[in-house]
Amino acid sequence: MSDHLHDELTKEREAEILAAEREVYYPPAEVVAAAHVKDYQSLYEQAVNDLEGFWAERAQELEWYAPWEKVLDESKAPFYQWFVGAKTNIVHNALDRHLKTWRRNKLALIWEGENGEHRTLSYFALGREVNKFANVLKSMGVRKGDRVTIYMGRIPELIIAMLATAKIGAIHSVVYGGFSTEALADRIEDARSKVLVTADGGWLRGKTVNLKDIADEAVRRSGYVEHVLVVKRTGQPVNMQTSRDFWLHDLLALPIASQKCDTEVMDAEDPLFILYTSGTTGRPKGVLHTHGGYQVYVSTTLKWVFDIKDEDRYWCAADPGWITGHSYIVYGPLILGATSFMYEGGPDYPFPNRWWQMIEKYGITVLYTAPTAIRGLMRYGESWPNRYDLSSLRLLGSVGEPINPEAWRWYYRVIGKERCPIMDTWWQTETGGFMISPLPITPLKPGSATRPLPGIVADVVDEEGNSCKPNEDGYLVIKRPWPGMLRTVYGDPDRYVQQYWSKFGHKGWYLAGDSARRDEDGYIWVIGRIDDVIKVAGYRLGTAEIESALVSHPAVAEAAVIGVPDEIKGHAIHAFCIPRAGVPLPTEEELKQHVRKEMGPIAVPARIEFVSVLPKTRSGKIMRRVLRARALGQPEGDLSTLEA
Ligand code: WTA
């Protein structure tokens with residue numbers, strides 16, 4: 001099967017995994033004693049024996065306007081439906097219901113700007129700001145089912161905009177603030193958003209990012225957008241187009257922005273958001289999640305895995321513009337009534353002590369981040385974290401790509417002081433929430449996401465669908481539906497079926513697109529993607545999008561990109577381009593600037609090589625395996641299917 005696998009296990013990585021398989025870390029007794037889930041096995045079995053009853057019990061912990069008639073409807077599989085017939089709105093559970101309790105005075109959000117500014121919002125204050133924002137959106141003509149694109153940095157208004165959109169029954173599509181013109185334009189166009197919410201600029205590593213300029217160009221290219229709502233963050237000069245663009249603070253001062261706003265009653269299966277992510281081919285897919293199942297799934301999984309308590313100060317250091325932020329900065333923590341911390345800027349700005357200083361300053365108890373950030377901070381040495389009191393921490397987390405055992409051990413020893421278990425959570429934009437993850441009670445092995453959560457039936461299978469033997473690589477599949485699963489690809493149901501269900505869908509299995517193996521203890525080790533997705537610093541990018549940014553330059557006739565191993569980022573992008581005849585050859589730097597402008601800094605290749613041909617199969621498919629071998633200076637293997 002390894003021929004099909006993109007991220008083939010290197011010999012070093014294989015040796016590392018085999019060694020780490022025998023390295024077990026047991027959770028401290030006080031962590032186990034305090035944990036919400038004390039018995040994994042019985043909960044897991046309860047779900048296997050009665051999946052619907054299991055999820056119904058979890059759903060009952062939330063409030064619903066009207067109950068469901070059926071927990072799971074499989075009659076239109078793979079278009080599964082959850083909590084059919086129920087009436088709800090996720091914002092009711094994330095905000096409204098807390099306002100009836102003592103939690104109205106509890107902090108929902110603590111925020112620190114990169115420039116040291118800080119803001120706090122209680123549940124009451126967040127509820128008020130969301131209502132005012134929701135009324136502004138309504139005044140711009142946004143109605144139930146309309147799409148609102150949100151494009152800005154990590155500031156509280158991003159969260160407020162998401163909740164306000166959901167509150168009035170509209171659908172948000174958040175585009176990561178690190179993306180640029182073409183990426184934003186494509187996403188606006190696909191969602192046909194009539195309102196874009198953005199900011200004048202954002203702060204990143206002491207510099208401002210021209211968000212409004214990028215937004216203007218994207219709006220021009222995509223059509224559709226009728227109004228642009230602009231948050232003032234940096235105060236930099238921007239162009240405001242009369243009657244199209246409005247400052248948020250101007251509208252909030254008007255009587256239309258009342259602090260009362262009813263929450264729209266939604267069907268459980270009504271869309272909540274679209275989040276674009278990269279897949280095998282072509283343009284990014286709009287993964288669609290709905291109100292009912294998603295709220296049950298994100299709150300349950302967050303409660304189990306990070307064991308959220310009222311006294312926690314929880315920090316998920318992701319960006320709200322990605323699924324990790326949607327589920328575990330915004331919706332999950334708010335539904336649980338937790339206090340979250342959010343930081344605007346870069347982890348080492350102005351110095352590599354920034355994160356550790358904030359953990360001490362705010363008394364953070366749970367830190368959830370990505371391997372790339374850990375490796376990046378590890379590079380500066382342990383004297384930086386050692387100068388701070390990190391004793392408030394009780395749990396750590398990792399997400400986005402496999403964590404290499406070396407980074408795991410550093411995180412565990414230097415940050416967690418060998419008393420904070422690390423929750424290595426495997427999941428995807430499509431899954432809505434954690435799928436394979438330890439609980440605080442689980443014995444850990446560095447680099448393994450351990451076992452599927454209760455309610456999730458995961459397996460590693462071969463080409464024919466047979467379960468693989470221990471330590472044999474195979475396809476990671478999910479064999480039963482779960483409430484947080486994506487419902488479709490927005491506007492393209494065929495693509496949903498094709499992408500996730502064409503291989504094993506006849507058996508009712510979801511294909512994750514990752515390869516994995518299971519060890520003799522049943523622990524799962526995720527290896528990596530088997531499709532054209534590259535994980536760069538934890539960000540999910542598609543080769544097709546980067547290639548199309550490259551060929552949009554007049555001097556590039558054809559392009560192919562691959563991921564090559566990178567010590568800090570996990571993977572770095574390596575591009576091969578065929579120059580267009582008769583057009584002067586640009587420098588590598590010019591081409592990089594072009595990708596930065598179209599797609600954003602995260603998509604810029606580390607290397608661009610000019611070549612005269614690209615290796616292709618007879619059917620015209622680029623042989624990335626050959627390119628990868630070439631980039632790594634390895635033998636190129638069997639080239640017999642190469643184009644003549
Ligand atoms: C990878 C991020 C190993 C995997 C939440 C998956 C991981 C893709 C882990 C989804 C992990 C995520 N261990 N690999 N703990 N978490 N991945 O949609 O390849 O941005 O398919 O969702 O990230 O990326 P996405």
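Reply: In this predicted model, helix α20 spans residues 624–631, and its buried residues are Arg-624, Val-626, Leu-627, Arg-628 and Ala-629. Buried means under 20% relative accessible area, exposed over 50%, and partly exposed in between, with a 1.4 Å probe and protein chains only. Helices (H or I, at least four residues) and strands (E, at least two) are DSSP runs, numbered from the N terminus. The cover over the buried residues of α20 includes α18 (543–551), β28 (556–566) and β29 (570–579); contact here means heavy atoms within 4.5 Å. After α20 comes Gly-633, with a positive phi near 70°.

Residues are numbered from 1 along each chain as its sequence is written. Local features need pLDDT of at least 70, side-chain atom pairs count only at pLDDT 80 or more, totals for chains, interfaces and linings use all residues, and side-chain values use heavy atoms, leaving out hydrogens and water.

Gln-236 sits between β11 (227–231) and β12 (245–247), and Gln-236 counts as buried because its relative accessibility is 15%. Leaving aside residues up to four places away in sequence, Gln-236 touches Asp-200, Gly-201, Gly-202, Thr-208, Val-209 and Asn-210. The side chains of Gln-236 and Asn-210 are joined by a polar contact of 2.8 Å. Such a contact is a pair of N or O atoms within 3.5 Å; within protein, one must be able to donate a hydrogen and the other to accept it, and residues adjacent in sequence count only if both atoms are side-chain atoms.
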